[in-house]
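Hello,

Here is the model I promised to pass on to you. Please open it alongside this note, and then read on for what turned up.

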Amino acid sequence: MVRIIRSLLDNPVPTPLAKQQRWSLKDPGIKGKMWISKVTLPRPDEDDIRRVLVEAIDSLGDGKGIYTVPALVPVEAEWTGYRANVHHDRPRLDLPESQHYERLMAEVSSPVTILYFHGGAHYLMDVASHRIPTSRLAHFTNGRSFSVRYRLAPQKPFPCALLDAFQAYLSLMFPPPGSFHEPVPAKHIVLAGDSAGGNIALALLQLILQINRLATWEHLRFHGRLLDLPIPVPAGLAGTSAWADITRCMPSVVSNARWDYLPPPMTNDKISTFPHDEIWPTDPPRGDLYCDLSMLCHPLVSPLAAKNWMGSCPMWLGYGEEMLADEGKSVAALAAQQGATVIWEQFEAMPHCFSMIFDQLKAGRRCFKDWADFCGMVAGNAAAAEIKTRGTWFAAKTCQETDVDVRSLAICSQEEVAQKMRSTAEARMQDNEGEGKIMPKL
């Protein structure tokens, strides 16, 4: 199966980005065992959340990074719940969105709210493409998911998606006028995502922590309210195959390529640059789809670069024996060393995001269940003291468990990680490697 997926992704003639993006945004429709309520979060009239985002970005940077401050915009999202006792082909009811939300909530029996960010390398996919996993998470937790349609690169680069995510988080806790939902306490919210969505979840958590560390704001104006700081930290973060390093400098990117379907970063000259189309290259030109090359090592772009996870909520990080594994190990180890509760799970011989695409396998089922169980524990009614730092390696086929020390997971020191990231970013800035080398070619 991995060979088949790899053959589809590693096209010798890369498809133009706009065509890839349009294909990935096709809505498969809504049917079967899911409730979907579509909403649009209005942009706040006040500019505080954008200003505090810029302050956090600048305080974490080296002063040399280049980015464009994005506008605040309305953010579309979908409430997702499990619809019981219907056939998998049952069509969606023809109801107003508010009534879909009421029907959804009638089947929710847990306070768990999963703020979900879809994967897709920051330029592909949509909330519609991830309705099945978000509805499964809702089912397994007896809660609900809130899936955010954040702005996609390359048209809307960093920090557009992060601003949308921040606005969505605050909107859950402090609903704008006209919202369907009641205020959701932070203790019932889990930040979750896969791949690039895991990147956004990690970056959002790091943003919240940094804003609270700055302590330069007493409150934020948001839809006519004054929100007191510090910003409440969510109940947990749960990422599967989270993409923590946009530079992709860690050894597993090469050493684990045989288990993965993602194309390796080193490609021949013919496919190292995306074909030109209406969205690429950008104007002015930019060396990476997601951000300016000067921002590759910024901790809100590549959370692997984050130095401080103190004050973090509990984390669950699940990976296969995949190309992104080493970056996940480093994040998990540092967070645990700094006092965060971290649950690490890695599955032998499994590829990127396997729990979402290989649910017929024992490993896929186990990983997804553990992902959902964590969300239910941290954001439900379980005592926080029940959740302890632990790491587990699952053997191929049998899922036989072996304990691992989370604090010792990292394969190199933080200084060595920083050097690897800088070296890779500098090589790209010197045009030694193709602009599209780190991205899947569809």
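Pro284 is found in the loop between α8 (252–255) and β9 (315–320); helices here are DSSP runs of H or I with at least four residues, strands are runs of E with at least two, and both are numbered from the N terminus. Please bear in mind that this is a predicted model, in which local features need pLDDT of at least 70 and side-chain atom pairs count only at pLDDT 80 or more, while totals for chains, interfaces and linings use all residues. Residues are numbered from 1 along each chain as its sequence is written, and side-chain values use heavy atoms, with hydrogens and water left out.

What makes Pro284 worth a look is its bond to Asp283, a cis peptide with omega of about 5°. A cis peptide bond also joins Phe158 and Pro159, where omega is about 10°. Pro159 has its place in the loop between β4 (144–149) and α6 (160–173).

Two residues other than glycine have a positive phi: Asn142, at about 60°, and Ser241, near 50°. These stand out because most residues other than glycine have a negative phi, and most peptide bonds are trans. Asn142 is in the loop between α5 (131–141) and β4, and Ser241 in the loop between β8 (236–240) and α8. Are they buried or exposed? Asn142 counts as partly exposed, because its relative accessibility is 41%, whereas Ser241, at 0%, counts as buried. (Buried means under 20% relative accessible area, exposed over 50%, and partly exposed in between, with a 1.4 Å probe and protein chains only.)

**A helix with two sides**

In helix α2 (residues 17–24), the buried residues are Leu17, Ala18, Gln20, Gln21 and Ser24. Seen down the axis of α2, they fall within an arc of 160°, so they line one face of the helix; the arc is that of the directions from the helix axis to the C-beta atoms. Lys19 and Trp23 are exposed on the other side of α2.

**Aromatic contacts**

A search of the whole structure gives 12 aromatic pairs. (Rings of Phe, Tyr and Trp, the last by its six-membered ring, pair if their centres lie within 6.5 Å; planes under 30 degrees apart count as stacked, over 60 as edge-to-face and the rest as tilted.) One of them is Tyr116 with Trp371: the ring centres are 6.2 Å apart and the planes stand at 50°, so this pair is tilted. Tyr116 lies in strand β3 (residues 113–117) and Trp371 in helix α11 (residues 362–379), so the contact ties together parts that are 255 residues apart in sequence. Both Tyr116 and Trp371 are buried.

Tyr319 and Trp344 make a stacked pair, because their ring centres are 5.1 Å apart and their planes are at 25°. Here strand β9 provides Tyr319 and strand β10 (residues 342–347) provides Trp344, so the parts tied together are 25 residues apart in sequence. Tyr319 and Trp344 are both buried.

Tyr116 and Trp371 also belong to one aromatic cluster with Phe140, Trp316 and Phe368. Phe368 has a charge over its ring as well: the charged end of Arg136 sits 3.9 Å from the ring centre. Elsewhere, Arg83 lies over the face of Trp35, at 4.7 Å from the ring centre. (A charge sits over a ring if NZ of Lys or CZ of Arg is within 6 Å of the ring centre and within 35 degrees of the ring normal.)

**A pocket and a cavity**

The second largest pocket has a volume of about 740 Å³. Of the 27 residues that line this pocket, Asp62, Cys297, His298, Ala305 and Arg422 are the closest to its centre. The elements giving two or more residues to its lining are α7 (196–214) and α12 (414–429), and α12 gives the most, with nine. By class, the pocket lining divides into 13 nonpolar, seven polar and seven charged residues.

There is one cavity of 30 Å³ or more. The largest cavity has a volume of about 40 Å³, and its lining consists of Leu170, Phe174, Leu220, Leu227, Asp228, Leu229, Ile231 and Pro232. That lining has seven nonpolar, no polar and one charged residues.

For the terms: on a 1 Å grid over the protein atoms alone, a cavity is a set of points where a 1.4 Å probe fits but cannot get out, a pocket is an open set with protein on both sides within 12 Å along at least five of seven lines, and lining residues have an atom within 4 Å of a point. Grid points are joined across faces, edges and corners, and a volume is the space filled by probe spheres set on the points. Ala, Val, Leu, Ile, Met, Phe, Trp, Tyr, Cys and Pro count as nonpolar, Asp, Glu, Lys and Arg as charged, and the others, Gly among them, as polar.

Best wishes
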